[in-house]
Amino acid sequence: MISLWMEQVAPQPARPALQQNTDTDVVIVGAGFTGLWTAYYLKQAQPQLRITILEARQVGYGASGRNGGWLLGEIAGGDKLLQALPGAERQSGHRLLQGIPDEVARVTEREGIHCDFKKGGVLYCAARYPEQQQRLQAHLSECRDYGYSTSDLQWLDQSGLQQRLQMANSYGALFTPHCATVQPAKLALGLAAVLEQSGVEIFESSPVVRWQSGEVATPSATIKARWVVPAVEAYGSQLKPMQHYQLAVQSMIVATEPLPESVWQSIGLANGEAFCEASRLISYGQRSADNRMIFGARGGYRFGGGLRADAPLSAGEMELRRHLMQQCFPQLEGVRITHNWGGNLALSRRFHPHMLCDYGPRIAVAGGYAGEGVGASNLAGRTLAHLITEQESELVRQPWVLRDKPLSALKRWEPEPLRWLTYKTVNQLYALEDRVLSAPTPAWQRRLVSGLADVLEGVIS
Ligand SMILES: Cc1cc2nc3c(=O)[nH]c(=O)nc-3n(C[C@H](O)[C@H](O)[C@H](O)COP(=O)(O)OP(=O)(O)OC[C@H]3O[C@@H](n4cnc5c(N)ncnc54)[C@H](O)[C@@H]3O)c2cc1C
């Protein structure tokens, strides 16, 4: 099984594989959100463009059909990048990011894509130990310095949080309205259908085995194209030379059976808020349109950037997620977990997404969304479309955009075994911090382990 989301959509007739050599204006590798949004905005900009998407498996097979469905009005590392800009540019960058959910709402409404879109904001909850409250409040004051107003981000005390979400041991939460939740597979498949109506060709079961400027090849045929857009995010670990720039990591999700209204009254999320529990090893979730608790937590890294296949979670992986979910929501004790799945996402070495366009070889890429790609890929699609069609706009002037730069302008990940050792060290230290802080431990131990985790976080980011 790919995910609950993919199971919920009507069975899709398989699209044909690419069988014959051909040519096109833009060839996009990968039918996830990045590829689909890029094609969408290119067609909007220049309807006559011939666009072909080559997908190794099926539309939405990757992270886009498996994620937690948070559609954020921000990108990983965005605050830090914008902080360096003068006031007016910084403000306009923030507005651009915060506007992502509204942009997706506009398009899905205009195109008749039904993807359970609900803009209920997101709660970053201090819900397991008091240090989470201190960290979130420190983040809030940084955000105030960046220019966030109370309507962008506000602190909810314990009772304010409980009016929206009842989590055990809660101390309070940061709330921002700039987030929506979606059923991601419906969004991906809906976009694909809209694209096909506008003349975009999508081939499935067509893995690209080689690509270079002007040409991509599957095992059966070759496409010549003016522009090549690899949009494979974590799968870049298997598509040279992308493995240098996108580190594949895994995330895993469980979903309960649909829960009765009485249970939801004891939990909350009545307005469709997304939520997370703000430890460094984040747990996140949403209430699905059919009233399931969708709960994602923790992740993994495989030596050499190996990808997680479609196998269900192991007994240990399931148990950890059930434990974390029930720790936050004792109300869910005894409910049935009906679905579990995992998927691959990518981190860039600078820990923020990149949107790059090289006008020499005519290559455009985006990715490295660090687990926040549902919204960021919409921004990336708009940005790559403007870069490729050479439109001057605020989209292409943002600090995450590399305009007319080669792929080598992206920072490379260190070779193995350094990546694996670093991941293991970071993960184990964060897990230790989590254990120490969630137990009644002496203050000096808590300060020591959190201090070490802060230092390590500073070094790697
Ligand atoms: C479990 C999980 C939970 C997540 N939760 C959230 C969340 O709640 N909010 C959020 O913002 N982000 C979340 N993310 C991240 C987000 O889903 C991704 O960042 C985003 O979907 C990436 O989209 P993409 O199109 O770039 O990549 P993908 O969706 O991974 O698409 C890449 C596509 O390329 C195809 N492909 C790969 N290799 C080839 C090849 N050689 N030839 C042709 N096609 C190829 C793949 O089959 C795939 O369909 C989550 C990710 C996971 C795995």
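**Entry 1**

I started at valine 208, where a polar backbone atom sits 2.8 Å from a nitrogen atom of the ligand. I kept in mind that this is a predicted model. Next I looked at phenylalanine 33 and found one of its backbone N or O atoms 3.0 Å from a ligand oxygen. Glycine 373 also uses a polar backbone atom, 3.0 Å from an oxygen atom of the ligand. I then checked how covered the ligand is: taken alone it exposes 1,000 Å², and the protein buries 97% of that.

**Entry 1: the shell**

Which elements give two or more residues to the shell around the ligand? I noted helix H2 (33-45), strand E12 (246-256), strand E16 (337-348) and helix H11 (373-388). E16 has the largest share, with three residues. I counted 36 residues around the ligand, and Thr34, Glu55, Ser64, Val208 and Val374 come nearest. Sorted by class, the shell holds 18 nonpolar, 14 polar and four charged residues.

Where does the ligand lie relative to the domains? Domain 1 (4-67 + 184-244 + 350-409) and domain 2 (116-180 + 248-345) both contribute residues to the shell, so the ligand lies between them.

**Entry 2: aspartate 434 and its arginines**

I moved on to charged pairs and found 27 salt bridges in the whole structure. In one of them, the side chains of arginine 128 and aspartate 434 meet at 2.5 Å, N to O. Arginine 128 is in the loop between strand E4 (122-126) and helix H6 (130-146), while aspartate 434 is in helix H12 (residues 418-437), so the pair ties together parts 306 residues apart in sequence.

Are these two residues buried or exposed? Arginine 128 has 9% relative accessibility and counts as buried; aspartate 434, at 6%, is buried as well.

Aspartate 434 also forms a salt bridge with arginine 298, at 3.1 Å from N to O. Arginine 298 belongs to strand E15 (residues 293-300), and this pair links parts of the chain 136 residues apart. I noted that arginine 298 is buried too.

My next stop was the salt bridge between arginine 349 and glutamate 414, whose closest N and O atoms are 3.0 Å apart. Arginine 349 lies in the loop between E16 and strand E17 (354-358), and glutamate 414 in the loop between strand E19 (401-403) and H12, 65 residues away. Arginine 349 counts as buried at 13% relative accessibility, whereas glutamate 414 is partly exposed at 28%.

Last, I traced salt bridges that share partners: they join Arg135, Arg280, Glu433, Asp454 and Glu457 into one network.

Key
Residues are numbered from 1 along each chain as its sequence is written. This is a predicted model: local features need pLDDT of at least 70, side-chain atom pairs count only at pLDDT 80 or more; totals for chains, interfaces and linings use all residues. Side-chain values use heavy atoms; hydrogens and water are left out. A residue is near a molecule or strand if one of its heavy atoms lies within 4 Å of it. A polar contact is a pair of N or O atoms within 3.5 Å; within protein, one must be able to donate a hydrogen and the other to accept it, and residues adjacent in sequence count only if both atoms are side-chain atoms. Accessible areas come from the Shrake-Rupley method with a 1.4 Å probe; for residues, only the protein chains shown count as cover. Helices (H or I, at least four residues) and strands (E, at least two) are DSSP runs, numbered from the N terminus. Ala, Val, Leu, Ile, Met, Phe, Trp, Tyr, Cys and Pro count as nonpolar, Asp, Glu, Lys and Arg as charged, and the others, Gly among them, as polar. Domain bounds come from an automatic or database domain assignment. A salt bridge is a side-chain nitrogen of Lys or Arg within 4 Å of a carboxyl oxygen of Asp or Glu. Buried means under 20% relative accessible area, exposed over 50%, partly exposed in between (1.4 Å probe, protein chains only).
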